[in-house]
Amino acid sequence: MTRHWIWAAGLFGHLFLLAVLVARGRARRFPCFTLLIFFDVLRTLALALVLDRLPPAPLHLAVTAFGITDLLLEFAVLAELVLTALWGLGRLRRVTLPLLLLASGALIVTHLAPVSHYTGRAAPLLLHFALGVLFLEWALVLALLLPSLRLRWRSDVAAISFGFGVYSAALLFAGGYFRVGREMSDYIFFSYLRIFVYLLVVLWWIITLWTAGRLGEKKR
């Protein structure tokens, strides 16, 4: 029963978020983010209605394809957020800041999770870990740059970035916790905590992107 409630909350949360993105014109400004949310809706429906009925080989292929697509879309969203937020800066800073972000993220990842430990099938785990580090780094950097970028913390690009930052922090914390090895009850707790944090992030995106649109209309 709990799984059904979680499935329904995630599906309807993403559908509501899509409606907000389209209604407030954010889909045009953040096409990669919108595509990621649309992809999450399709994946949720496919996993529940189609994939469970497939034989093992096609199921593995479909899950792999979904995983690769998800990674590519998330990297595209990160690039979209960085470029959108830094667009008002000079060309030199628009180039150097993303490069510094990538370099520092790569340094952290290679220090905490040596690439030699992630080969073949384990490579997606390293890429997901790298994404989490980069999203968290970007959220922290953006928080420091808000005044110079003339952005409010509830502006659309900041709201989306901070949402990814909070969720990434939860993922990295849980991952670090389990590096030592814990009880199954701990694993279950952090699994539900991760889901709860993500649902809160989706709610945060819905509220902030909706109200940001309304504030923009009042200013005009």
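The conversation below sets values against definitions.

Modeller: This is a predicted model, in which local features need pLDDT of at least 70 and side-chain atom pairs count only at pLDDT 80 or more, while totals for chains, interfaces and linings use all residues. Residues are numbered from 1 along each chain as its sequence is written, and side-chain values use heavy atoms, with hydrogens and water left out.

Biologist: Why is Thr34 called buried?

Modeller: Buried means under 20% relative accessible area, exposed means over 50%, and partly exposed lies in between (1.4 Å probe, protein chains only). Thr34 has a relative accessible area of 12%, so Thr34 is buried. This residue lies in helix α3. Leaving aside neighbours within four places in sequence, Thr34 is in contact with Leu18, Leu21, Arg26 and Ala27; contact means heavy atoms within 4.5 Å.

Biologist: How do you know that Phe190 is buried?

Modeller: Its relative accessible area is 8%, so Phe190 counts as buried. Phe190 is placed in helix α8, residues 184-219. Between Phe190 and Ala174 there are 6.3 Å from C-alpha to C-alpha, with the two 16 residues apart in sequence. Of the 220 residues of the chain, 37% count as buried.

Biologist: What makes the span of α5 close to the expected one?

Modeller: Helix α5 (residues 91-112) has 22 residues and reaches 32 Å from its first C-alpha to its last. The expected span is 1.5 Å times one less than the number of residues, and for α5 the expected value is 32 Å. Helix α1 (residues 2-23) also has 22 residues and reaches 31 Å, close to the 32 Å expected.

Biologist: How do you know which side the buried residues of α5 are on?

Modeller: The buried residues of α5 are Pro98, Leu101, Gly105 and Val109. They cover an arc of only 55° around the axis, which puts them on the same side of α5; the arc is that of the directions from the helix axis to the C-beta atoms. An α-helix has 3.6 residues a turn, so residues three or four places apart point the same way. The face turned away from the buried side of α5 carries exposed residues, including Arg91, Leu99 and His111. The buried residues of α5 pack against α4 (56-85) and α6 (123-149).

Biologist: Why is α5 called oblique to α6?

Modeller: α5 and α6 pack at an angle of about 135°, with their axes 9 Å apart. That makes α5 oblique to α6, because angles under 35 degrees count as roughly parallel, over 145 as roughly antiparallel, 65 to 115 as roughly perpendicular and the rest as oblique. Axes are lines fitted to C-alpha atoms, for helices over the stretch in contact, and angles run from 0 to 180 degrees between N-to-C directions.

Biologist: What makes α3 and α4 roughly antiparallel?

Modeller: Helix α3 (residues 31-49) and α4 pack at an angle of about 160°, with their axes 8 Å apart. α3 and α4 are therefore roughly antiparallel to each other. Among the residues of α3 that meet α4 are Phe33, Leu36 and Phe39.

Methods. Helices (H or I, at least four residues) and strands (E, at least two) are DSSP runs, numbered from the N terminus.
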